[in-house]
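Hi everyone, thanks for coming. I'll take a few minutes to walk you through a structure, starting with the whole chain and then zooming in on one spot.

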Amino acid sequence: MTKVVILGTGNVARHLFNALREPDHLNVIQVVGRNKKALSYFNRWSDTTSDFNLICEADIYIIAIADDAIHSIFDTIAIKNKFVVHTSGSVAIDALPRIHRRGVFYPLQTFSENREINFKNMPICIEAENKEDLKILHQLAASISDMVFEVSSEQRKSLHLAAVFVNNFTNHLYAIGNKICLENKIPFAILEPLIQETSRKIKTISPYEAQTGPAQRFDKGTIEKHITLLKNKKHRDIYSLLSQSIQEIYTKEREKS
Ligand SMILES: NC(=O)c1ccc[n+]([C@@H]2O[C@H](COP(=O)([O-])OP(=O)(O)OC[C@H]3O[C@@H](n4cnc5c(N)ncnc54)[C@H](OP(=O)(O)O)[C@@H]3O)[C@@H](O)[C@H]2O)c1
């Protein structure tokens, strides 16, 4: 039985907790966090504490707290020479103190409250400082996911950057689209088939091949009309910048033909 302690009570802590308590050979023995209200969610299934001096003995400690707090949390927790991993895409393994066996357990997915997530097809990016610990992390990850990848801190930094573009920025563009729809009394759902096909087609063709629209066609008149329609200056800037970025990519192709 592998004993796990989770530090943190946010989105990742909750989703990971629910996934890790399923396999029989894993036991999430404790959840530790400073937020007593958030801790109450875990009470039904596990021991919880907001006292960082009362952390249980475990095989793995998963630090699922805000990126900026990962390093400083070790000033307050009373554990020494343990196997500790964090769940961040952007924090290097060496942000964890040297006195511990260090690792990373980064689930490459977007977690929100009240959203069920299937871990089986979620990439889990693992990193450890030695082969034995890597094996332990591999077993832990494989018990909840079929997609386990060894990724170095250096690679993870770039992977996280790419993830921000394809997930966070894309979602922000959905938010702008949603606002435009709302302002014009159009249901946002009308765009759903387009959103679905945009994400589906990159499974078979590259994003380069998949690009369509006024910028890719160099349709200057339409681009100008769209910019005039936008009331928000930031949105006009985003539209112009993205259009320029698209056109830079397709300019060479136009010059060739
Ligand atoms: N959300 C995602 O989609 C996602 C995906 C992959 C990886 N991650 C990574 O997973 C980690 C947790 O993210 P999350 O989305 O779960 O964040 P979250 O929902 O905002 O939760 C953050 C947690 O960190 C705790 N915390 C913040 N500062 C602290 C401090 N100084 N001392 C002790 N606890 C502190 C918070 O406690 P309080 O409630 O008391 O503030 C809360 O429990 C981050 O490293 C993030 O990069 C997130």
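What follows is a quick tour of the chain and then of one serine.

First, keep in mind that this is a predicted model. So, what is the chain built from? We've got nine helices and eight strands here. If you draw a box around the C-alpha atoms along the principal axes, you get roughly 65 × 40 × 35 Å.

Now, how much of the chain is buried? There are 257 residues, and buried ones make up 38% of them.

Okay, let's zoom in on Ser46. You'll find Ser46 in the loop between α2 (36–39) and β3 (47–49). Is Ser46 buried or exposed, then? Ser46 counts as buried, because its relative accessibility is 10%, and the cut-off for buried is under 20%.

And what does Ser46 touch? Skipping its neighbours within four places in sequence, Ser46 is in contact with Phe17, Val28, Ile29, Gln30 and Val31. Two of these residues come with backbone details. A polar atom of the Ser46 side chain lies 2.9 Å from the backbone oxygen of Val28. For Gln30, the backbone nitrogen is 3.3 Å from a polar atom of the Ser46 side chain.

Terms used. Residues numbered from 1 in each chain as written. Predicted model: local features only at pLDDT ≥ 70, side-chain atom pairs only at ≥ 80, totals over all residues. Heavy atoms only, no water. Helix = DSSP H or I, 4+ residues; strand = E, 2+ residues; numbered from the N terminus. Buried < 20%, exposed > 50% of the residue type's maximum accessible area, 1.4 Å probe, protein only. Polar contact = N/O pair within 3.5 Å; in protein donor to acceptor, adjacent residues only side chain to side chain. Contact = heavy atoms within 4.5 Å.
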